Amino acid sequence: MTRPDPVQERIEAFNRAKGGGVCVNKAGHGYTLVSERTGLPLARLKPTGDGDTVQVLWWNGRRWGPPGPFGIPTITLERALDYIAADPTFWVNA
């Protein structure tokens with residue numbers, strides 16, 4: 001039996017509250033958010049090990065990288081989820 005993953009549960013709860021459309025896959029040391037419709041990656045969240053803080057990455061078609069010109073945001077999980085939900089850059093593959 002697998003142990004509950006509180007971070008994944010929070011991401012999934014946020015997804016449900018926003019109407020769904022995203023699958024959450026735990027892989028390596030992070031969480032990949034994938035479009036349910038297309039199966040393509042939308043974002044990657046990498047916990048930093050510093051409390052509730054994660055790095056937010058964007059899939060550029062070849063690899064994970066910064067979602068904008070100012071580097072990789074490192075913010076709380078809740079802010080990261082709001083950021084991804086509001087920024088159209090992440091939804092190109094949706």
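# Notes on a predicted model

Colleague: Where is aspartate 50 found?

Modeller: Aspartate 50 sits in the loop between S3 and S4. Helices (H or I, at least four residues) and strands (E, at least two) are DSSP runs, numbered from the N terminus. This is a predicted model, in which local features need pLDDT of at least 70, side-chain atom pairs count only at pLDDT 80 or more, and totals for chains, interfaces and linings use all residues. Residues are numbered from 1 along each chain as its sequence is written, and side-chain values use heavy atoms, with hydrogens and water left out.

Colleague: Is aspartate 50 buried or exposed?

Modeller: Aspartate 50 is exposed, with a relative accessible area of 55%. Buried means under 20% relative accessible area, exposed over 50%, and partly exposed in between (1.4 Å probe, protein chains only).

Colleague: And how many Å apart are aspartate 50 and asparagine 93?

Modeller: They are 30 Å apart, C-alpha to C-alpha, and 43 residues apart in sequence.

Colleague: What else pairs with S4?

Modeller: S4 is joined to S6 by three bridges, and the two run antiparallel. There, valine 54 stands opposite isoleucine 75 in S6. S4 also pairs with strand S5 (residues 64-65) in the antiparallel sense, over two bridges. Tryptophan 59 has tryptophan 64 in S5 as its bridge partner. The hairpin of S4 and S5 has four residues between the strands, and glycine 61 takes a positive phi near 105° there.

Colleague: What about S1 and S2?

Modeller: S1 and S2 run antiparallel, with six bridges joining them. Asparagine 25 has threonine 32 in S2 as its bridge partner. Their hairpin has two residues between the strands, and glycine 28 takes a positive phi near 60°.

Colleague: Now the helices. Which residues of H2 are buried?

Modeller: In H2 (residues 77-86), Leu77, Ala80, Leu81 and Ile84 are buried. Seen down the helix axis, they fall within an arc of 100°, so they line one face of H2. The arc is that of the directions from the helix axis to the C-beta atoms.

Colleague: Why would residues three or four places apart point the same way?

Modeller: An α-helix has 3.6 residues a turn, so residues at that spacing point the same way.

Colleague: Which exposed residues are on the face turned away, and what covers the buried ones?

Modeller: The face of H2 turned away from its buried side carries the exposed residues Arg79 and Ala86. The cover over the buried residues includes helix H1 (6-17), strand S2 (30-35), strand S3 (41-47), strand S4 (53-59) and strand S6 (74-76). Contact means heavy atoms within 4.5 Å.

Colleague: H1 came up there. How exposed is glutamate 12?

Modeller: Glutamate 12 lies in helix H1. At 28% relative accessibility, it counts as partly exposed. The C-alpha atoms of glutamate 12 and lysine 46 are separated by 16 Å, and the two are 34 residues apart along the chain.

Notes
Pairing = 2+ DSSP bridges.
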